Amino acid sequence: YAIYGVIAIVWALLGFSLAFGPTCGHFIGGSKYFAMENIDWKPLSYAPTVPAIAFFFLQQGFCNISPSLIMGGPAERFSLPSSLLFSVIWVLIVYCPMAHWVWGEGGWLRELGALDFAGGLVVHMPGGFSALALSLVIGRRKDEPVYKPHNASFVVLGAALIWFGCLGFNSGSANAANYQAALAANNTNLAAAAAGLSWALIDYLFDGHSSATG
């Protein structure tokens, strides 16, 4: 929650403009939207059918969640101040440039035809590599405890939030209430349903029963 709050402010002050501002050399956005300047009811070219503030808010969600995903790697080996500082630096020098490359008008990957509908290239790939790198730099836990999932309530709550949240992320990335948005929501829902059933089946085959924690 601390990371989410801090990065929300960073996104409003600098992040959105670095990701979606007018391109500077195809690598980073300019200062047009610093401190939410020019973000109001008038649509941006990225989402011509919705107010700019709505597009800003959706993209804030992608940015906010990205460093939080990374923290699953070095969990319990990183202090809160260190994790906040790392998150701010990571968003500014990794996430925002990557978002501009792929999603920003004039970004070099977008110019090459890259298509990232809901964050695979911008959120998950750099987040995963960053979590791995950070974990390797910090090193292994000293006492090497064996962690097993134990809180079924949190597992179910987390899965439900991810399922529900991805419906918004994926369908919202269409930037309109149209067929593309409906298709994305439907595909997301069916994929999650199939994954849940697969989890239950594999759990049953290996343990003789299905559980929330696996």
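**Largest pocket.** I looked up what lines the largest pocket of this predicted model, and I got 31 residues, with Y4, I65, S68, I162 and F169 nearest its centre. The elements giving two or more residues to that lining are α1 (2-20), α2 (52-70), α5 (120-138) and α6 (152-172). Helices here are DSSP runs (H or I, at least four residues), numbered from the N terminus. A pocket is an open set of points on a 1 Å grid over the protein atoms alone, where a 1.4 Å probe fits, with protein on both sides within 12 Å along at least five of seven lines; lining residues have an atom within 4 Å of a point.

Next I checked the space in the largest pocket: about 1,200 Å³. That volume is the space filled by probe spheres set on the points.

**L205.** I found L205 in helix α7 (residues 179-207). Is L205 buried or exposed? L205 is exposed, because its relative accessible area is 62% (exposed is over 50%, buried under 20%, partly exposed in between, with a 1.4 Å probe and protein chains only).

**V94.** I then went to V94, in helix α3 (residues 80-102). V94 counts as partly exposed, because its relative accessibility is 25%. I also looked at V94 and F55: they are 39 residues apart along the chain, and their C-alpha atoms are separated by 21 Å.

**Ground rules.** Residues are numbered from 1 along each chain as its sequence is written, and side-chain values use heavy atoms, leaving out hydrogens and water. Local features need pLDDT of at least 70 and side-chain atom pairs count only at pLDDT 80 or more, while totals for chains, interfaces and linings use all residues.
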